[in-house]
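Colleague: I would like to learn how to read this model feature by feature. Could you take me through it, with the general idea and then the case at hand?

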Amino acid sequence: MTIIDPVVNADWSYGAHLAGVMAAVCLGLVLAATASVLLHRRGRIGTADRLENYVWTWSGMLVLLMLAGLLGRTAIICVVAALSFQALREFFSLIHTRRADHWALLAAFFVVLPAQYLLIGFDWYGLFAILLPVYVFLLMPVIPALRGDTTRYMDRVAEVQWGLMISVYCLSHVPALLSLDIAGYGERQTLLIVFLVIVGLGADHVRTEVARLQPPRPQLRPTSAELAAAAGTGCLLGLLLAPVTPFPAAVAGGLGVVIAVMGLAGRLVLTAIKRDRGISGWKQNDSSLDDESSGLLDRLDKLIFAAPVFFHLTRFLLTV
Amino acid sequence: MQTTPFTLSRQLVPRLAGSGLRGLARVITGVRPRFAGGRLLPEPSIYYANHTSHGDFVLIWTVLPPSIRAVTRPVAGADYWQNGRLRRYVADNVLDAVLIERGKLDRTSDPTAPVLAALDAGASVIIFPEGTRNTTDAPLLPFKAGLYRLAEARPAVPLVPVWIENVCRVMPKGELLPLPLLCSVTFGPGLTLDQTERRPLFLERARSALLALRPRETAIDSGGQ
């Protein structure tokens, strides 16, 4: 018995589902590119350039999602594990650690991260859901404590744990979607990743444009207009994508709102961390001196908080 | 010179070792250069950098443009690099290091002489004016007099500050395995000695110019061991 009965469009094969989504995104891209060219001719160069940027971002995303759709589960897990590794690198490059943390950090990169993704690969839900929040949380602080350096001990331990939760634990819930066993949905779980990414990114982009219409302000807190824009777009995209998901339309719309709002929350928290560290982009070793250029975490911040929540809601609502 | 397999291998092995070392540094640290003082000049220059790890020189070497890298030599302590055949081979053939004698009491020659000779021969040099690896919590130790003496002897040669960020955390002193943290190398605008400038003032000015290149204020806390 599941809480919600999965609604699966059984007439369509997985390939048809995937092709349908991709065709819709392509159509949107063609329209946006045309609009960009027209705006450029009319002399609205700033808007045209922004639109062109979005077209490029979405084209890249389309290619990535297409590859993910065609590649197997193992390949997707490996790719997300690699993304996690880079995200963890960006995070750990900015935290306070001392020599006594060396082994703890090595363990984070080369033991904890592979272990988490192996558990995802083996589909061992009971352990991957608690490995970081329980076992790593308990064991990691032991390493620097054994070495006896207690200078700013709490800060160091907490920052290492945070880096792991954000870069490894949260992100690992993206490929974890692939192991959800939904009745009648078969092997189509990659479409859940497609749903998460399109809704998360779309909501964030519309929110960015709405924020641009408002006067610039120093506060981090999003305005209610931004919140409404994100939630509305999330809901709309969720409804549009509902046919390829196992969700009834209303649930898909609701999950779209949840993904958008969690995306906003993730962005807010990661921006707060960046401000704390005095940077504006995560890739702090980039060649440009103004630190403006983005790192991987800047691109992923709208999905990081949304992924585990989307995973758990889907699991709770649609699996036995 | 005739090219025999022997001479070929004598050139090839150090070259391969050099690119291997740079490749390794790139993979582990993703190191990128930042030019705060414009492009680097091909004329002989003295690059002076903060010193926290054995990886420091390799990182600078990795990010230098190839044409400048070809003529840039590190200045290193003879006591360390002449100790053992492998170290000596690496210092002479791979790094092409200018070895100087450290230690005020037991040195027999002027440590600036080989550096000046290298500059006169058209090379640029990399020196670490703190004199030793910094393992303290301070971001930068006071400079030794060597930098001043080089500037005094060759006033036309620009002194380019180079700040290396994060390497001390990639491989702290005494650790075997490196951490894959992101590093950056920032080159500042070159400075020269004023005719009237006294030694302590000059060293302090050079030191501030180097500290000014630190990417973030929080580096104060993360620089320690």
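Colleague: Where in chain B does D96(B) lie?

Modeller: D96(B) is in the loop between α5 (85–94) and β4 (98–100) of chain B; helices (H or I, at least four residues) and strands (E, at least two) are DSSP runs, numbered from the N terminus. A word on the source: this is a predicted model, where local features need pLDDT of at least 70 and side-chain atom pairs count only at pLDDT 80 or more, while totals for chains, interfaces and linings use all residues. Residues are numbered from 1 along each chain as its sequence is written, chains are lettered from A and ligands numbered from 1 in the order in which they are written, and side-chain values use heavy atoms, with hydrogens and water left out.

Colleague: On to the core. Which residues touch the most other members of the largest nonpolar core?

Modeller: In soluble globular proteins, nonpolar side chains tend to be buried together. A nonpolar core here is a set of buried Ala, Val, Leu, Ile, Met, Phe, Trp, Tyr and Cys residues joined through side-chain atoms within 4.5 Å. The largest one has 118 residues, and F92(A), L164(A) and F187(B) touch the most other members. Helix α4 (residues 102–122) of chain A gives the most to this core, with 11 residues. Another core, of 28 residues, lies apart from it and includes F143(B) and L203(B).

Colleague: What does L164(A) touch?

Modeller: Contact means heavy atoms within 4.5 Å. Not counting residues up to four places away in sequence, the partners of L164(A) include L88(A), F92(A), V112(A), M140(A) and Y169(A). F311(A) belongs to helix α13 (residues 306–318) of chain A and is buried, at a relative accessible area of 1%. Again leaving out residues up to four places away in sequence, F311(A) touches Y125(A), F128(A), H173(A), A176(A), L177(A) and L180(A).

Colleague: How is the interface described, and what is the area buried between chain A and chain B?

Modeller: The size of an interface is often given as the accessible area lost when the parts come together. Between chain A and chain B the buried area (accessible area, 1.4 Å probe, that two parts lose on being put together, summed over both) is about 2,700 Å², with carbon and sulfur atoms giving 48%. In residues, 32 of chain A are in contact with 33 of chain B. There are also 12 residue pairs in polar contact across this interface, both at pLDDT 80 or more. A polar contact is a pair of N or O atoms within 3.5 Å; within protein, one must be able to donate a hydrogen and the other to accept it, and residues adjacent in sequence count only if both atoms are side-chain atoms.

Colleague: How many salt bridges are there between chain A and chain B?

Modeller: Side chains of opposite charge can pair when their charged atoms come close. The rule for a salt bridge is a side-chain nitrogen of Lys or Arg within 4 Å of a carboxyl oxygen of Asp or Glu. Three salt bridges are counted between chain A and chain B. One joins E175(B) and R147(A), at 2.8 Å from N to O. R98(A) also pairs with D137(B), their closest N and O atoms being 3.6 Å apart. R98(A) lies in the loop between α3 and α4 of chain A, and D137(B) in the loop between β5 (124–127) and α7 (146–153) of chain B, so this pair joins two chains. R98(A) is buried, with a relative accessible area of 17%, whereas D137(B) is partly exposed, at 43%.

Conventions:
Buried means under 20% relative accessible area, exposed over 50%, partly exposed in between (1.4 Å probe, protein chains only).
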